[in-house]
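Keep the sequence beside you as you read.

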Amino acid sequence: MTEAIADLVVAHPMVKFQRQVESLVKKSKVVRPSDPIWKIAFLFGDDWAHWKQELEEFDFSTQDPIQELLAVQSWEED
């Protein structure tokens with residue numbers, strides 16, 4: 001049992017965020033990949049301040065297109 005728990009990989013919080021944004025683009029089609037990131041701010045409500053700060057730490061700006069956020073392969077921090 002302990003080995004099974006040790007084998008679990010904890011995903012970076014940005015992976016979850018990226019998946020939520022991807023769902024907004026692909027499933028609900030609320031935003032397009034070419035839209036600027038700031039358009040999703042309204043959808044994240046009170047949580048947006050946190051996600052905006054996280055994005056800025058990864059050198060994203062709210063003017064960057066959503067497709068750049070979705071293109072990230074790894075959220076490893078230096």
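This is a predicted model: local features need pLDDT of at least 70, side-chain atom pairs count only at pLDDT 80 or more; totals for chains, interfaces and linings use all residues.

What does its side chain meet? The side chains of Asp35 and Arg32 form a salt bridge, at 3.2 Å from N to O. A further salt bridge joins Asp35 to Lys39, with an N to O distance of 3.7 Å. As background, side chains of opposite charge can pair when their charged atoms come close.

The structure holds 3 salt bridges, and one of them lies in helix H2. There Lys26 pairs with Glu22, the closest N and O atoms being 3.0 Å apart. Lys26 and Glu22 are 4 residues apart in this helix, so about one helical turn separates them. Lys26 counts as exposed at 55% relative accessibility, and Glu22 as partly exposed at 31%.

Now step back to the whole fold. The protein chain has 5 helices and 0 strands, giving the order α-α-α-α-α from the N terminus on. Of its 78 residues, 33% are buried. Among contacts with a separation of 6 or more, 63% are between residues 24 or more positions apart. The chain exposes about 5,800 Å², and carbon and sulfur atoms supply 51% of that area.

What lies inside? In soluble globular proteins, nonpolar side chains tend to be buried together. Here the largest nonpolar core has 19 residues, and Phe17, Ile37, Ile40, Phe44, Trp48, Leu55 and Leu69 touch the most other members. H2, H3, helix H4 (48-57) and helix H5 (66-70) each supply at least two residues of this core, with H2 giving the most, 6 residues. Leaving aside neighbours within four places in sequence, Phe17 is in contact with Ile40, Phe44, Trp48, Trp51, Leu55 and Leu69. Ring pairs also link Phe17 with Phe44 and Trp51 into a cluster.

Aromatic pairs number 5 in this model. One of them is Trp38 with Phe42, an edge-to-face pair with 6.3 Å centre to centre and 85 degrees between the planes. Trp38 is partly exposed, with a relative accessible area of 34%, and Phe42 is exposed, at 67%. Another pair, Phe60 and Trp75, is tilted, with 6.1 Å centre to centre and 40 degrees between the planes. This pair links distant parts of the chain, as Phe60 is in the loop between H4 and H5 and Trp75 in the segment after H5, 15 residues apart. Phe60 is buried, with a relative accessible area of 12%, and Trp75 is buried too, at 4%.

Finally, return to Trp38 and look at the surface. Trp38 lies in the loop between helix H2 (13-26) and helix H3 (41-44). Together with Val30, Phe42 and Leu43, Trp38 forms a nonpolar patch on the surface, with about 430 Å² of accessible area.

Methods. Residues are numbered from 1 along each chain as its sequence is written. Side-chain values use heavy atoms; hydrogens and water are left out. Patches are made of residues with over 30% relative accessible area and no salt bridge: like charges are joined within 9 Å, nonpolar side chains (Val, Leu, Ile, Met, Phe, Trp, Tyr) within 5 Å. Accessible areas come from the Shrake-Rupley method with a 1.4 Å probe; for residues, only the protein chains shown count as cover. A salt bridge is a side-chain nitrogen of Lys or Arg within 4 Å of a carboxyl oxygen of Asp or Glu. Buried means under 20% relative accessible area, exposed over 50%, partly exposed in between (1.4 Å probe, protein chains only). Contact means heavy atoms within 4.5 Å. A nonpolar core is a set of buried Ala, Val, Leu, Ile, Met, Phe, Trp, Tyr and Cys residues joined through side-chain atoms within 4.5 Å. Rings of Phe, Tyr and Trp (its six-membered ring) pair if their centres lie within 6.5 Å; planes under 30 degrees apart count as stacked, over 60 as edge-to-face and the rest as tilted.
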